[in-house]
Amino acid sequence: MSSEYFSVPRRIAILAAVVLGSTLYATTLLVASSLLPQMQGSFAATPDEIAWTTTFNILATAIVTPTTGFLVARFGRRRVMIFCVTGFTIATWLCGQAASLEAIVLWRIVQGGIGAPVVPLSNAIVLDSFPRHQAGLVSSIYGMTVVLGPVIGPVFGGILAETYNWRWAFYMIVPAGALAAVALHFALPQD
């Protein structure tokens, strides 16, 4: 991927699509923490059992993140990024659909594992899409927006959980995830 071939609107589209995908992933890392009491009551789980939803998500992320380079070398950046954002969005919807403690833990593991390559891959795509002299600026924009995810996720998730129920904290991510997958499909160049 060489930035000299991209027009300014294309670079902005790539930045926006990538930022949306990685911000959504960052949002879900902490959104479950604001939902634990409601999920605990819903599944009649102990505090230790419901904490598995967060622990195993983070563990799956830590295990899969190092495989990003292998996945990109094998399948290409575009395919991996679109697959991960799409799979992450489906897993997020399935988290909202979970009817048991085992199901929510399973879908949180899938969500963490399949979404893990999104953040390191997003950073590489953003840096490769812009000229070297703009690397500081785009890294700042990317970093600032991705940091918003863990801040807004628990807030909006908590509001939706109190207004409707905990499932809507996961459902709120699905439309934006679908939008991110479509935007990535059109914005990212072929490998």
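How much accessible surface does the protein chain have, and what share of it belongs to carbon and sulfur atoms? The surface comes to about 9,300 Å², and 71% of that belongs to carbon and sulfur atoms; accessible areas here come from the Shrake-Rupley method with a 1.4 Å probe, and for residues only the protein chains shown count as cover.

A quick word on what you're looking at. This is a predicted model, in which local features need pLDDT of at least 70 and side-chain atom pairs count only at pLDDT 80 or more, while totals for chains, interfaces and linings use all residues. Residues are numbered from 1 along each chain as its sequence is written, and side-chain values use heavy atoms, with hydrogens and water left out.

Let's begin with the overall build. The protein chain has 11 helices and zero strands, where helices (H or I, at least four residues) and strands (E, at least two) are DSSP runs, numbered from the N terminus. Read from the N terminus on, the elements simply go α-α-α-α-α-α-α-α-α-α-α. The radius of gyration is 17 Å, close to the 16 Å that the globule rule gives for 191 residues, so the protein chain is as compact as a globular protein of that length. For that comparison, the radius is taken over C-alpha atoms, and the rule is 2.2 Å times the number of residues to the power 0.38. Along the principal axes, the C-alpha atoms fill a box of roughly 55 × 35 × 25 Å.

Now for the inside. Of the 191 residues, 47% count as buried, with buried meaning under 20% relative accessible area, exposed over 50%, and partly exposed in between (1.4 Å probe, protein chains only). Take the contacts in the protein chain with a separation of 6 or more: residues 24 or more positions apart account for 84% of them. Contact, here and below, means heavy atoms within 4.5 Å.

Leaving aside neighbours within four places in sequence, L35 is in contact with G157, A161, W166, A169 and F170. One of these, A169, is 134 residues from L35 along the chain, yet their C-alpha atoms are separated by 8.1 Å.

Go on to the next loop, between α2 (36-43) and α3 (47-50), and you'll find A44. Its phi is positive, about 50°, although A44 is not a glycine. Most residues other than glycine have a negative phi. A44 counts as exposed because its relative accessibility is 71%.

T54 comes next, in helix α4 (residues 52-64). Its relative accessibility is 17%, so T54 counts as buried. Beyond its neighbours within four places in sequence, T54 is in contact with A32, L36 and R108.

How do α5 and α6 meet? The axes of helix α5 (residues 68-75) and helix α6 (residues 77-97) come within 7 Å and cross at roughly 120°. Axes are lines fitted to C-alpha atoms, for helices over the stretch in contact, and angles run from 0 to 180 degrees between N-to-C directions. The two helices are therefore oblique to each other; angles under 35 degrees count as roughly parallel, over 145 as roughly antiparallel, 65 to 115 as roughly perpendicular and the rest as oblique. On the α5 side the contact is made by L71, V72 and F75, and on the α6 side by R77, R79 and V80. These residues divide into four nonpolar, no polar and two charged, where Ala, Val, Leu, Ile, Met, Phe, Trp, Tyr, Cys and Pro count as nonpolar, Asp, Glu, Lys and Arg as charged, and the others, Gly among them, as polar.

Helix α8 (residues 118-129) is where you'll find L121. At 4% relative accessibility, L121 counts as buried. Apart from neighbours within four places in sequence, L121 is in contact with T68, V72, R77, V80 and M81. V119 is also in helix α8, but V119 counts as partly exposed, at 30% relative accessibility. With neighbours within four places in sequence set aside, the contacts of V119 are S22, Y25 and Y142.

Finally, look at E102 in helix α7 (residues 101-115). E102 counts as exposed, at 61% relative accessibility. From E102 to A187 it's 85 residues in sequence and 37 Å in space, C-alpha to C-alpha.
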